[in-house]
Amino acid sequence: MSIWYTEKHTPHSGITMEVKKSVYYGESEFQTLEILDTFEFGRMLLLDGVVMLTERDEFVYHEMLAHVPLNTHPSPEKVLVIGGGDGGTVREVLKHPQVKDVTLVEIDRMVVEAALTHLPGISEGLRDPRTRIVYGDGVRFVADSPPGTYDVILVDSTDPVGPAEALFSEDFFRNCENALGPDGVFVCQSESPFYHLPFMVDIFRRMDGIYPLVGFYLAAIPTYPSGNWSFLMGSRTAETTFPQCREHAQLQTKYYDRHIHLASFALPRFLAEALTK
Ligand code: SAM
């Protein structure tokens with residue numbers, strides 16, 4: 001008998017993949033967590049039944065979430081990651097030798113513990129001496145952060161529902177801007193242009209009123225809805241034009257490089273036009 005996992009992206013479409021076995025299942029006060037072993041994408045992490053990452057394609061998302069802002073900032077040393085309890089984003093941030101410390105604020109301890117046990121290649125950075133893990137709500141943590149604390153803030157959240165919904169609010173964006181230093185750079189994962197265009201336009205407009213420079217960049221992530229995913233970046237200084245690629249270090253990557261960095265800001269016409277309406 002074959003077992004198939006299906007994630008519906010809309011009421012009438014989605015992805016499906018064949019599963020070898022279930023590796024772990026857990027429930028917390030926030031969500032359910034499953035790790036499935038699949039025939040073609042390795043181990044897959046699901047939260048409330050939604051794909052967060054697979055071992056086969058997680059490098060695309062985590063490299064692009066981390067290296068574009070870190071190579072945009074002139075000299076990133078203090079980094080804050082909101083969400084990201086699987087550790088993939090932290091692993092990439094730590095590839096930058098000038099980064100002195102990374103604070104990860106994850107609301108659900110279960111995610112970190114499951115990743116450390118069952119996804120060692122992704123969670124390895126969570127044990128690094130430069131990494132500090134705080135279990136709590138990123139909304140509150142940022143609101144309580146002193147002005148100018150961080151050089152880069154990365155929001156690696158679930159979709160904008162439940163505890164993650166407030167991570168896309170104007171108040172949160174404003175509090176992040178306040179917590180950033182003068183050259184500070186903010187990035188959040190910002191969903192799919194094919195399926196979530198109105199949402200993307202809304203958050204772009206919210207950010208546009210807070211940061212002097214705001215822009216989307218894109219990446220191809222096979223297991224995310226439509227395979228075309230976006231990130232929204234804001235810069236506290238207008239001196240840093242987008243795209244801007246300062247190569248601080250020779251990075252070991254499989255997707256990201258200078259060319260991808262620069263090209264990722266080229267938007268398809270339907271998205272660019274939606275932002276100017
Ligand atoms: N890469 C995935 C994606 O794009 O869908 C997200 C990865 S990561 C697993 C998302 C994390 O955000 C989850 O572990 C979830 O617990 C966490 N999270 C959601 N809302 C949060 C909040 N308000 N504060 C801190 N962490 C939050």
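## Thr89 and its helix

Thr89 sits in helix α2, which covers residues 88–93. Helices here are DSSP runs of H or I with at least four residues, strands are runs of E with at least two, and both are numbered from the N terminus. The model is predicted: local features need pLDDT of at least 70, side-chain atom pairs count only at pLDDT 80 or more, and totals for chains, interfaces and linings use all residues. Residues are numbered from 1 along each chain as its sequence is written, and side-chain values use heavy atoms, leaving out hydrogens and water.

Is Thr89 buried or exposed? Thr89 counts as buried, because its relative accessibility is 0%. (Buried is under 20% relative accessible area, exposed is over 50%, and partly exposed lies in between, with a 1.4 Å probe and protein chains only.) Leaving aside residues up to four places away in sequence, Thr89 touches His62, Leu65, Ala66, Val81, Leu154 and Asp156. Contact means heavy atoms within 4.5 Å.

## The seven-stranded sheet

Val81 falls in β6 (78–83), and Leu154 belongs to β9 (residues 150–156). Seven strands make up this open sheet, in the order β8-β7-β6-β9-β10-β12-β11. Its pairing is mixed. Strands pair if DSSP finds at least two bridges between them. The edges are β8 (131–135) and β11, each pairing on one side only. From one strand to the next, the twist averages 15 degrees.

Look at β9 and β10. They run parallel, joined by five bridges. Ile153 has Phe186 in β10 as its bridge partner. Helix α6 (residues 170–179) lies across β6, β9 and β10. Its angle to β10 is about 145 degrees. (Axes are lines fitted to C-alpha atoms, for helices over the stretch in contact; angles run from 0 to 180 degrees between N-to-C directions.)

## The five-stranded sheet

A second open sheet has five strands, ordered β1-β2-β3-β4-β5. The pairing here is antiparallel. At the edges are β1 (3–10) and β5 (50–54), and each of them pairs on one side only. The twist averages 45 degrees from one strand to the next.

Strand β4 (residues 42–47) pairs with β5 in the antiparallel sense, over four bridges. Leu46 has Val51 in β5 as its bridge partner. Asp48 lies in the loop between these two strands, β4 and β5. Its phi is near 50 degrees, a positive value in a residue other than glycine.

## Loops to look at

Ser226 also has a positive phi without being glycine, here near 75 degrees. It is in the loop between β11 (213–220) and β12 (228–235). Ser226 counts as partly exposed because its relative accessibility is 35%.

Pro97 is in the loop between α2 and β7 (101–106). It counts as exposed because its relative accessibility is 61%. Not counting residues up to four places away in sequence, Pro97 touches Arg130 and Ala249. Pro97 and Asp37 are 60 residues apart along the chain, and 33 Å separates their C-alpha atoms.

## A nonpolar surface patch

Which residues form a nonpolar patch on the surface? They are Phe194, Tyr195 and Phe270, with about 300 Å² of accessible area together. (Areas come from the Shrake-Rupley method with a 1.4 Å probe; for residues, only the protein chains shown count as cover.)

Tyr195 lies in the loop between β10 (180–189) and α7 (197–208). With a relative accessible area of 34%, Tyr195 is partly exposed.

Technical notes. Patch = residues over 30% accessible without salt bridge, like charges linked within 9 Å, V, L, I, M, F, W, Y side chains within 5 Å. Salt bridge = Lys/Arg side-chain N within 4 Å of Asp/Glu carboxyl O.
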